Each structure stands twice: as C-alpha cells, then as structure tokens.
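Please look at the sequence and the structure below before reading on.

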Amino acid sequence: MPLRNGCPFCGFPDKEVVFYEDSLCLGIVSKAPLNKYHGLIVPKEHYTDSQRVPDEILVHLYLVSKKVAQAIAKACNPDGITMVHDDGLNKTVEHFTIHIIPRFRGDKIGGFYLREEDPGLQARATYATRIRECLG
Ligand SMILES: [Zn+2]
C-alpha cells in the first residue's frame, strides 16, 4: 500500500506489531497506548471517519474488534475493555481507527468518563427530539 499524504496507517511498515491481518484491515499494537495491550483496528483503505466507511466494511471492522477484544482479555486479564472510535475531535491520525483498550481498576483513563450534570428531563427530551429530526 502506498503511503497516502504521510498517513502512518496507509502502508503500515511495522509488521512486528501487527497481530491480525485480513483483506480489509490490520490489527496493530498502539504506538501511543492508554494502557498496555492497547490494540487498534485500522481499515487498509484510507477513510477519515466512520461516516465515510462503507457499511459492510464498518461491520467487518467491529466484528474483528470483538474477536480481538476477546484475545486481548485473554492476553492480559483486564478488569474490562473500552472499545471506541473518534470522528473529528480527539483524532491524532486522519485514518479511521477502532481502539480496543484493556481497562484495569485504578488506571489513569478514568477521566475519559467525566460526565456533565444531568441536564434534566426537559433538556434530554429536547435533545431526543432534535436527534429524531436529524435521523429523518
Ligand atoms: Zn491512511
């Protein structure tokens, strides 16, 4: 695969950190991990965010992620696993990536779950109405 606009995941070179590969995606160990065994599932094609990933490929990536999460759980016996992807904000690489992050009690990722106060039923109902409108 050719390196596309300097993207580190197009033509990924570090084969020794690849733990999974098929015709559509790679599984690699993160270079910027939130915990040990932090895995990434990246499509071989360059997509910037989930809305641009064709449905059948997105489903495949999440099915692979499910299988990999089971393997990571077996590999490091975590207390839990967080599986996420970011579109827009928080991205450090403009290549769609699913993160599979083993979680351990007392780890430093807790801030990820800092929540806002409950906005109240009325505000939540307003958000629900707006999302329904946007769903069409
Ligand atoms: Zn790329």
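Tyr37 is partly exposed because 19 other C-beta atoms lie within 10 Å of its own, where a residue is called buried if 20 or more other C-beta atoms, placed from the backbone, lie within 10 Å, exposed if 12 or fewer, and partly exposed in between. This is a predicted model, in which local features need pLDDT of at least 70 and side-chain atom pairs count only at pLDDT 80 or more, while totals for chains, interfaces and linings use all residues. Residues are numbered from 1 along each chain as its sequence is written.

Most residues other than glycine have a negative phi. Tyr37, however, has a positive phi, and so does Asn77, which is not a glycine either. Asn77 counts as exposed, because it has 10 C-beta neighbours inside 10 Å.

The table places both residues among helices (H or I, at least four residues) and strands (E, at least two), which are DSSP runs numbered from the N terminus.

| Residue | Phi | Loop between |
|---|---|---|
| Asn77 | about 50° | α1 (55-76) and β4 (80-84) |

The largest nonpolar core has 15 residues, of which Cys25, Ile41, Val42, Val68 and Ile100 touch the most other members; such a core is a set of buried Ala, Val, Leu, Ile, Met, Phe, Trp, Tyr and Cys residues joined through C-beta atoms within 7 Å. Two or more residues each come from β2, β3, α1 and β5 (98-103), and α1 gives the largest share, 5 residues.

Leaving aside neighbours within four places in sequence, Ile100 is in contact (C-beta atoms, placed from the backbone, within 7 Å) with residues including Gly39, Ile41, Val68 and Met83.

Methods
Two residues are in contact if their C-beta atoms, placed from the backbone, lie within 7 Å.
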